[in-house]
Amino acid sequence: MLPDIKSLHHDELQAQFESWTLPAYRLEQLLNWLYVQRVTSWDAMTNLPKALRERLRQHFTLTTLELVRKQGARDTTEKFLWRLSDGALIESVLLPANPALYGDASDRHTLCVSTQVGCAYGCKFCASGIDGWKRNLGVEEIVEQVLAVERVPSSGFRVPSCTTVSVPEPGTQNPELGTRNPNPEPRLINNLVIMGMGEPLANYDTLMKALRTLNAPWGGGIGARKITISTSGLAPQIRRLADEPLQFRLALSLHGATDAVRNKIMPVNRKYPLAELIAACEHYQRRKDRMITFEYILIAGVNDDVEETRPLAALARRLNAKINLIPYNTVQGLPWQRPSEAIQEKFLAALEAQGVTATLRREKGHDIDAACGQLRLRTERELAAT
Ligand code: SF4
């Protein structure tokens, strides 16, 4: 198996190019084709000599994602269902103009990214875990979700033309560098939330490498503070994350503020109960000095009683956490329901009355298989039936 070109970092590619005795600007050109022009074939890299393109083809794969389905409109949530090279299906979700979900004035183009095919953690309310875990995604498959969404024309992003700009980099005299765009248009996607299919921290090393690529100036150029990593509660990996040099944000998929509720809907809580989980979050906070977000899916009759706001507010105050309330999106085949809007508002008001910061996300995607993993699940069922 050849490694994929997008699974490698600048320093690794630099070592390879040096071993081929290529000038440094060739690597600049290659990275420009991959992460600015977002091309999908070696042949499109027209300013690289044919012999180099052939050499790259012999040493690396160039993975792209095949768009199987897209749902939603540009002004609402857009879901992308991708087929990977082994036929597996994953989802990415574009959330345009969601106000202030993760700390900025407006997270205008947030992409929710998957990290695994399926999920082993089996949260009872979740479509992604229904058929279990199939495999981890590779670095290139995580990175590609951003590039592939930006390639889809209706996502509103125009890939910058590589032929209209011919300004060499300062200090670089080689005219062949003229096809590098020194002022690429800003990315469509400037915020990432790592909370699509899979438990992100269960694919830890791969995810960190992908995020370093998406953060690097030579790669995605997305600020680390604009990247939020979610976890269902892997306490040891939260402690690891605390030691990472980059300042990623952490979101805890809490969904219950007592062990009784979490044990009922999230099997991971039996391995890492709340006391252990909260201690890990406190450690993260001490190291990072960053606000944590609690994700709390409101499920009728499970965790939406106003009494549940007391332990939830206590945890939020202890960790100085903000709470995102998310009304449940029903999943075909699962028994859980979304609470009424009156109950949602009452829950929100009770939290605010206890002095914690909380927002109620009025999901835009309720009609388009909005629940995590639902589009993939439905498509797999349809394919199996044909
Ligand atoms: S909610 Fe997240 S961790 Fe839980 S089963 Fe779904 S994808 Fe896995």
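Modeller: Since this is a predicted model, we can begin with the shell around the ligand, which has four nonpolar, four polar and no charged residues.

Biologist: Which residues are around the ligand, and how do you know that four of them count as nonpolar?

Modeller: The residues around the ligand are Cys119, Tyr121, Gly122, Cys123, Cys126, Ser128, Gly198 and Ser232.

Biologist: How is the lining of the second largest pocket divided by class?

Modeller: That lining has three nonpolar, four polar and five charged residues. Asp, Glu, Lys and Arg count as charged, so Asp4, Asp86, Arg135, Glu140 and Glu141 fall into that class. The space in this pocket is about 210 Å³.

Biologist: Why is alanine 251 called buried?

Modeller: Buried means under 20% relative accessible area, and alanine 251 has a value of 0%, so the label applies. Alanine 251 is placed in strand 9, residues 249-253, and, apart from neighbours within four places in sequence, its contacts include Met195, Thr228, Thr293 and Glu295.

Biologist: What makes the phi of arginine 38 worth a remark?

Modeller: Most residues other than glycine have a negative phi. Arginine 38, which is not glycine, has a positive phi near 60 degrees, and it is found in the loop between helix 2 (24-35) and helix 3 (50-59). Histidine 255 likewise has a positive phi, of about 60 degrees, without being a glycine, and it sits in the loop between strand 9 and helix 7 (259-265).

Biologist: Which residues touch the most other members of the largest nonpolar core?

Modeller: Among the 104 residues of that core, they are Leu30, Leu56, Phe125, Leu192, Phe294 and Ile323. The element that gives the most to this core is helix 4 (residues 139-151), with seven residues. Leaving aside neighbours within four places in sequence, phenylalanine 294 has contacts that include Leu252, Leu312, Leu319 and Ile323.

Note on methods: Residues are numbered from 1 along each chain as its sequence is written. This is a predicted model: local features need pLDDT of at least 70, side-chain atom pairs count only at pLDDT 80 or more; totals for chains, interfaces and linings use all residues. Side-chain values use heavy atoms; hydrogens and water are left out. Helices (H or I, at least four residues) and strands (E, at least two) are DSSP runs, numbered from the N terminus. Buried means under 20% relative accessible area, exposed over 50%, partly exposed in between (1.4 Å probe, protein chains only). Contact means heavy atoms within 4.5 Å. A residue is near a molecule or strand if one of its heavy atoms lies within 4 Å of it. On a 1 Å grid over the protein atoms alone, a cavity is a set of points where a 1.4 Å probe fits but cannot get out, and a pocket is an open set with protein on both sides within 12 Å along at least five of seven lines; lining residues have an atom within 4 Å of a point. Grid points are joined across faces, edges and corners, and a volume is the space filled by probe spheres set on the points. A nonpolar core is a set of buried Ala, Val, Leu, Ile, Met, Phe, Trp, Tyr and Cys residues joined through side-chain atoms within 4.5 Å.
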